[in-house]
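Hi,

Here is the structure I promised to pass on. Have a look at it first, and then read my notes below.

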Amino acid sequence: MWRLIAIVLCLLSSWVWGAEPDINFFSDQPIPEAALVHTPEPKPDWLLYGAPIALLIFFFSFCLIVKLLIPFKETDMRFDLHDLPVAAQRGIGMAVILFGIAFCFGGLEAHYQMGLHGSAEAYFGQMGLGKLIAFTHAHLFGFTTSYFIIGIPFSLHFNRLKIYQWIFPLGLAASLTDVISWWGIKFVSPHFEYVTWWCGFVFSACYLWMLVALVRVLFFPRVKWFPDFINEDRQKKWDEEHRK
């Protein structure tokens, strides 16, 4: 009964406004193709779950390739941030802090967009292709520049610590994987969101590690902890071995 009333009201409204109804509910003819609502076919599980896993494998494979191509070795270079000109020390310290503030605002922006759209899938889904290209361009430049500015002095100062030589490239690899996952969220699978959050944690932790170390070395040179002593001890051993 209610369905019949709805149909009658629809036909009357079309007649009142002078519009022809698109669909004849009482006809035996098939509904025109243009009037049909097409929904995309569900994607297979191997694509929904396999693609994010493949991207994580890419991240670890990328790190492994870098390790194989550029293995760790101690060189005869001696570098101390305190030997740089005062302006360079001040500039590096201030740049590290400013980039850290920029990262904080980036995190706040991500939190705001997730709250506004409800999920990363909805956020990237409403984003046009042109904006995503510009988004990728800007973030790749930003990640590379920020990590380069703080990663070089950090890695030079702690050049004797093997694990510290991983933080700079690890953050860059996570940044690249993170940007790739945005495209995966939009075009492949919403499960790329987990890769995005994981990569965000990795490159944020790497940056925070380098930020704390550089601020401590430059602004608080008297504050030291065991990595400093290990680095200095290995430097002394290297010098002694090469004096012989």
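Predicted model: local features only at pLDDT ≥ 70, side-chain atom pairs only at ≥ 80, totals over all residues.

Residues are numbered from 1 along each chain as its sequence is written, and side-chain values use heavy atoms, with hydrogens and water left out.

Back to the rings. A pair of aromatic rings is described by the distance of the centres and the angle of the planes. Rings of Phe, Tyr and Trp (its six-membered ring) pair if their centres lie within 6.5 Å; planes under 30 degrees apart count as stacked, over 60 as edge-to-face and the rest as tilted. Searching the whole structure turns up 19 aromatic pairs. In one of them, Phe 103 and Phe 143 have ring centres 6.2 Å apart and planes at 15 degrees, so this pair is stacked. Phe 103 sits in helix H3 (residues 86-117) and Phe 143 in helix H5, so the pair ties together parts that are 40 residues apart in sequence. Phe 103 is partly exposed, at a relative accessible area of 22%. Ring pairs also link Phe 103 and Phe 143 with Tyr 147, Phe 203 and Tyr 207 into a cluster.

Another pair is Tyr 164 with Trp 209: the ring centres are 5.3 Å apart and the planes are at 80 degrees, so it is edge-to-face. Tyr 164 belongs to helix H6 and Trp 209 to helix H7, so here the parts tied together are 45 residues apart in sequence. Tyr 164 counts as buried at 3% relative accessibility, while Trp 209 counts as partly exposed at 35%.

Now the overall picture. The protein chain has eight helices and zero strands (helices, H or I with at least four residues, and strands, E with at least two, are DSSP runs numbered from the N terminus). Of its 244 residues, 30% are buried.

How do H2 and H7 pack? Helix H2 (residues 45-69) and helix H7 (residues 192-219) meet at an angle of about 30 degrees, with their axes 8 Å apart (axes are lines fitted to C-alpha atoms, for helices over the stretch in contact, and angles run from 0 to 180 degrees between N-to-C directions). That makes H2 roughly parallel to H7 (angles under 35 degrees count as roughly parallel, over 145 as roughly antiparallel, 65 to 115 as roughly perpendicular and the rest as oblique). Residues making the contact include Leu 55 and Phe 59 of H2 and Trp 198 of H7; contact means heavy atoms within 4.5 Å.

Last, the loop between helix H5 (129-157) and helix H6 (164-187), where you'll find Asn 159. Asn 159 is buried, at 9% relative accessible area. Not counting residues up to four places away in sequence, Asn 159 touches Phe 72, Met 77, Gln 165, Asn 231 and Gln 235. Leu 161 has its place in the loop between H5 and H6 too, and counts as buried at 6% relative accessibility. Leu 161 and Gln 235 are 74 residues apart in sequence and 9.9 Å apart in space, C-alpha to C-alpha.

Cheers

Terms used
Buried < 20%, exposed > 50% of the residue type's maximum accessible area, 1.4 Å probe, protein only.
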